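Here are my notes from a pass through the model, as numbered points. Have the sequence and the coordinates open while you read.

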Amino acid sequence: KKLTKCAPSVLAADFSRIHEGIQLIETSGGDWVHLDVMDGSFVPEISFGAQMVRAVRSLTKLPLDVHLMIEKPENHISAFLKAGSDFITFHTEASVHSHRTIQIIKAGGAKAGISIVPSTPVSQIVELLPFVDLVLIMTVNPGYGGQSMIPECLDKVNKLAQIKEDKGFVFDISVDGGINRSSIQKAKDSGIDVFVAGSAFFGADDPGAELSYMKNC
Ligand code: DX5
Ligand code: ZN
């Protein structure tokens, strides 16, 4: 059985005790640390920027999975590279020259991810698939934690997994938004490699048990 990786999102953590949140991810068996960067323009809210990534970098050796929900991501890649990101994922809806943005990320030594919102079809990123390390399928409209998953988005995971197999591509497929105890199985059946969990992890009475349930079910 293929082991699915879990990337808890610090967006749902207590920012005044971020070191405890990171420690909880480590002791619970989290695989990556997911960092949701929001600019108040591409999405309504503002969360945090490269400074937070740098702070988290000093707290853990786990891979930092940075999810940029920002306009013109190409203007900010160098800051997130310097902050110690391992994966930098941006939205194709926010970057006309997505291919160039991927090149900038990889030239800086990080892994490149591309993400699409629920209304964007897989066909919009097909040309980028040979070049990316990660494809992040949003299963909610990005902008807030704690929303319900839109299950139709998982059809895109199916489609991607098929393309990946047919063409021998190597990217990981991740899902983000509304992943919890009741939605995880469906997501796994669609062919994911990684899942993000914000509120389901940090909001649980026993986050470690929650994570291990979602990973092993
Ligand atoms: C949504 C963010 C997600 C969010 C997930 O805009 O990209 O990473 O933190 O939160 P939950 O798991 O609570 O839906
Ligand atoms: Zn995210």
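**Notes on the sheet and its helices**

1. Strands here are DSSP E runs of at least two residues and helices are H or I runs of at least four, numbered from the N terminus; two strands pair if DSSP finds at least two bridges between them.

2. A word on provenance: this is a predicted model, with local features needing pLDDT of at least 70 and side-chain atom pairs counting only at pLDDT 80 or more, while totals for chains, interfaces and linings use all residues. Residues are numbered from 1 along each chain as its sequence is written, and chains are lettered from A and ligands numbered from 1 in the order in which they are written.

3. Take β4 (residues 87-91) and β5 (residues 111-116), which pair in the parallel sense over 5 bridges. T89 sits opposite G113 in β5.

4. Which residues of helix α1 (residues 18-27) are buried? They are G21, I22 and I25 (buried means 20 or more other C-beta atoms within 10 Å of the residue's own, exposed 12 or fewer, partly exposed in between, with C-beta atoms placed from the backbone). Seen down the axis of α1, they fall within an arc of 95°, so they line one face of the helix; the arc is taken over directions from the helix axis to the C-beta atoms. The face turned away carries the exposed E20 and T27. Their cover on the buried side includes β1, β2, α2 (50-57) and α7 (199-202), where contact means C-beta atoms, placed from the backbone, within 7 Å. Just after α1, G29 has a positive phi of about 85°.

5. For α5 (residues 154-167), the buried residues are L154, K156, V157 and L160. They cover an arc of only 140° around the axis, which puts them on the same side of α5. Q162, E165 and D166 are exposed on the other side. Covering the buried residues are, among others, β6 (134-138), β7 (172-176) and α6 (184-190). G168 follows α5 with a positive phi, near 70°.

How values were computed
Two residues are in contact if their C-beta atoms, placed from the backbone, lie within 7 Å.
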